[in-house]
Amino acid sequence: MGSGDEELSFDSLHSALGRCMASHPPEGLERSLHPDANALATLWGLMSYLGARAVPLSQVDPVVLQTYRRWSTNVGDDRT
C-alpha cells in the first residue's frame with residue numbers, strides 16, 4: 001500500500017474505543033460517553049452499520065483520526 005492508500009481498520013478502531021472506554025467508562029444516569037469515546041463510537045457505529053472492515057484515512061474526520069491515534073498509541077491515557 002502506498003501512503004495515499006492507508007486505511008483505518010474496524011478492528012483497530014474497536015481496540016482504541018475499548019481502551020478509551022476502559023479508562024473513561026460511561027457516567028451518570030444517562031450513561032454519557034467521554035468525548036473521545038463519543039468521537040470514536042460515531043465512526044465505529046457507521047462502519048458497523050455499513051459492514052466496512054476499513055476506511056481510507058483520507059475519509060476520516062481529522063478530529064476522529066487524532067483521537068484514534070491518541071488511544072491507539074497511549075494505552076491507559078488519562079486525558080480528561
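Predicted model: local features only at pLDDT ≥ 70, side-chain atom pairs only at ≥ 80, totals over all residues.
I'll start with helix packing. Two packed helices are described by the angle between their axes and the distance between the axes. Take α1, residues 10–23, and α2, residues 35–50. Their axes come within 10 Å and cross at roughly 150 degrees. Angles over 145 degrees count as roughly antiparallel, and α1 and α2 are therefore roughly antiparallel to each other. The crossing of this pair is left-handed.

Which residues of α1 and α2 meet? On the α1 side they are F10, L13, H14, A16, L17, C20 and M21. On the α2 side they are D36, A37, L40, A41, L43, W44, M47 and S48. By class, that contact has twelve nonpolar residues, two polar and one charged.

Now the second pair, α2 and α3. Here the axes are 9 Å apart, and the packing angle is about 110 degrees. The range from 65 to 115 degrees counts as roughly perpendicular, so that is the description for α2 and α3. Their crossing is left-handed. From α2, the contact uses D36, A39, L40 and L43; from α3, it uses V64, T67, Y68, R70 and W71. Sorted by class, six of these residues are nonpolar, one is polar and two are charged.

Next, the core. The largest nonpolar core has 19 residues. Those with the most contacts inside it are L8, L13, L40, L43, M47, V60 and Y68.

Setting aside neighbours within four places in sequence, M47 is in contact with L8, S9, F10, L13, A52, R53, A54 and V55.

That list brings me to R53, which sits in the loop between α2 and β2, residues 54–56. Is R53 buried or exposed? R53 has a relative accessible area of 52%, and exposed means over 50%, so R53 is exposed. R53 and F10 are 43 residues apart in sequence, while their C-alpha atoms are 5.1 Å apart in space.

Last, the other arginine. R31 is in the loop between α1 and α2. Most residues other than glycine have a negative phi. Phi of R31 is near 55 degrees, a positive value in a residue other than glycine.

How values were computed
Residues numbered from 1 in each chain as written. Heavy atoms only, no water. Axes fitted to C-alpha atoms, helices over the stretch in contact; angles between N-to-C directions. Helix = DSSP H or I, 4+ residues; strand = E, 2+ residues; numbered from the N terminus. Parallel < 35°, antiparallel > 145°, perpendicular 65-115°, else oblique. Left-handed = near helix turned anticlockwise from the far one by under 90°. Contact = heavy atoms within 4.5 Å. Nonpolar A, V, L, I, M, F, W, Y, C, P; charged D, E, K, R; others polar. Core = buried A, V, L, I, M, F, W, Y, C linked by side-chain atoms within 4.5 Å. Buried < 20%, exposed > 50% of the residue type's maximum accessible area, 1.4 Å probe, protein only.
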